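Student: I would like to learn how to read a new structure. Could you walk me through this one?

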Amino acid sequence: MTRPSAPASAAADGRSTASADDRSAVTGRRRIAFAVRGGAGELPAVATLLRSLALTNPGVCEDFVVLHPGLPDASFDALRGLHPRLVTRRSSSRRDVFRLEGYDTVVALSPTTVVLGDIGELLRMRHGVGAVSRVRPGGQGGERRTVRPDGLLVVQRADVDDTVAARLDDDGGFDSDGDGDGDWGAALAGVLTPVDARYDFPARRLYDDMPVPARVAVLRFPGPSDEPGYAPAAEARRRFELDDEEFRAAYCALPGDRHPDLLAHLAPPLLRARPSLGLARTVADVYRRQGRYDEAVDVLAPVVGDRLDAPRCQETLGLCLMALSRYEEAEARLLLAAASPDTAPRAFAQLARLAWVCGRDADAHAYARAGLEADPTDAGCHGWYVRTRTEDRREPGPGPETGPEREPVPGRVPGQVPAGEQLAHVALFAEGQENAGDKVLPEAVRLCFGTDTGPRAWYRQPVHRLVDEAALEELNARRGVVIGGGGLFLPDTSPNGNSHWQWNIPDDVLARLTAPLAVFAVGYNVFDGQLYRRSRFAGSLRALVERSAFFGLRNHGSIERVRELLPAGLRDRVRYQPCPTTVARYLVPGWTDPVVRDDTVLVNCAYDRAGLRFGHDYGDFLAHMATALRGLRDRTGVRYAAHMPADERFVHDLRREHGISLPVEQLYDMSNDGIRDLFRRSRLVIGMRGHAGMIPFGCGTPILSLVSHPKLAYFLSDIGRAEWGLSVHDRDLGARLLERAAAVLDDHPAAVAEVHDAQKFLWETTRSNLDGLREAFGPT
């Protein structure tokens, strides 16, 4: 997924299309654009180019920049109907593609170009200026490479320095022989990267009605496309000379993955012109993926009705209604979906989740059981069946997150203190083979308030469960309510219409919460390029800050993002509270630092929302990691730390693509003490997940972070160690990672001392905050 578009007015005057949640400068995520330059007479050809790009590469939706000599803004209205991220900028010449502000990679095309095939290879290019070059005779019997100024260019702006720019400015664009055939070869000397000719194939080579070769991906027409003798090439172009409705219909009918931004732009007008149930579901589903749940309901509800012959539509409608917290309506729709054998397992899993969210554990268990009867192998139903099982619940050991045992149901805990002496904990409580970081974190939060982290001293309220009247009564009976930690300010994990973040509490219920409230080490967890419709969230956030006795966020990046959404009078109430996992050495009873560590480096990667993490650079990232790991394995043992089963994709991809096998530590099956002990004994942890850095750091172990999410950079900035982070998009990631890891291993005592030193400030901050909270919560 790429950055959401700005309104047309912003695009028209050349401003960046990045949204308020685009933090690519933090993570180093590449900003890519297509660019074309043309005057008024060439805009119809640009429209044909846009249609060809969308129809042959339906999963690609980068900014499309039209450089022009100064045309009126209304000239581009037709183009805006074809692409959601059209940007227009005034330009004096095509050389401006080398200076396109706001982008790291620019794919420059000619207006007379059409795209016939996959161009993913161009988007994955990382070095120099890519172009199709020709070898021509040079001086003294030598050869030289020439590049047409009107041909395809793939510009990495980091490689176009002042020297290259000056040569381009001095070059008139013509060969010395004066034949009028432009040449930028000399100007691009030293940075020219050859591109296969199939990405810039001139149609004039297809004389005498030669067919277009099947491997041609980009076809360029240096002259008119309807010249005699070029009929197959002209026909290849005419395939994309469609009117708007034909183009939208062709795009929506494409099989496979289509980019959600393009679908959301092209499908709704087609739905209005050609209403159909299938298209309505397509539009609703893309709205759902973008978090536009109300619009999805508006599209689907009128056409679906109570039809039993549209189970997938009922399922989509039910999911969107649940995301809006319209639970009764959602349940009715999901029951209709469950009537079909094809959708029954998925529908029953969602019904189980809905019932659990509403506090109906028995119903949730029954729905999960029904789903397993429909498909005994369904993982979703199995997970909810286990989670809602009430029999054989045993009292846990030192804390509810320390092992596989389940926390007892309320009212059955031996020696439980009175409710008025307990604290309530609102958090994400991971169970089973869920994210290991989400298992360690709740216990770390509780350890800040005392060594008893179990149900005797704490009342547990899962953050995703609806806070209804019964739950409100339980919370108000406690001496305080602690919310956190973790990235709870996130729109798309168990979405709800009450708050638009992870705590499912309506404003009117929050207003009647009388127990002192502490937001503790919560993070603003939005990815680069992730669209967050924040109006409801901003209202809920304001009410939360007003109600809180303490409001602490886990990094200063989150503090800035949240303060942007608050009125001036509330901004100073947002304080810094580090994640408690980062100070585990000060919290865990009986902690001792290791005298001797294992000769092991642990590595972790994350794959949730992989498109937002890697963009077009995953293959490049994997190759760099292979380079670094080969070097590391020459000097130490390397093991892989999987926080959840999905993380193990890295191990499989690395072995398949580069022949490197890594032994795996399955953290998701370990106890909290086991996880901390593994990190404590390792010499270095290289991690992509936030808690793949924060937990080992809290155990006193040196870390290097693979930055694919702003939160990793925020944490390193807070401790003054930005150099411990490397962007997953770094063009020299392999060499730089190996160099920095080697430096840690070469002087390991000094690296450990740096961790301990950075930890002191986090602990002093935490201890100061806790002193104030003890006063707010009253005596134990």
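Predicted model: local features only at pLDDT ≥ 70, side-chain atom pairs only at ≥ 80, totals over all residues.

Student: What share of the 780 residues count as buried?

Tutor: A residue is called buried when its relative accessible area is under 20%. Here 59% of the 780 residues fall into that group.

Student: How many helices and strands are there in the chain?

Tutor: The chain has 31 helices and 25 strands. Its radius of gyration is 29 Å, close to the 28 Å from the globule rule for 780 residues, so the chain is as compact as a globular protein of that length. Along the principal axes, the C-alpha atoms fill a box of roughly 95 × 70 × 55 Å.

Student: Which residues touch the most other members of the largest nonpolar core?

Tutor: A nonpolar core joins buried nonpolar residues through side-chain atoms within 4.5 Å. The largest one here has 118 residues, and those touching the most other members are Phe-449, Phe-489, Trp-503, Phe-621 and Phe-650. Leaving aside neighbours within four places in sequence, the contacts of Phe-449 include Leu-423, Trp-458, Phe-520 and Phe-777. There is also a second, separate core of 101 residues, with Cys-61, Phe-76, Val-107 and Val-357 among them.

Student: And how far apart do the centres of the positive and negative side chains lie?

Tutor: The centres of the 97 positive and 107 negative side chains lie 1 Å apart.

Note on methods
Residues numbered from 1 in each chain as written. Heavy atoms only, no water. Helix = DSSP H or I, 4+ residues; strand = E, 2+ residues; numbered from the N terminus. Rg over C-alpha atoms; globule rule 2.2 N^0.38 Å. Buried < 20%, exposed > 50% of the residue type's maximum accessible area, 1.4 Å probe, protein only. Lys, Arg positive; Asp, Glu negative; His and termini not counted. Charge placed at Lys NZ, Arg CZ, Asp CG, Glu CD. Contact = heavy atoms within 4.5 Å.
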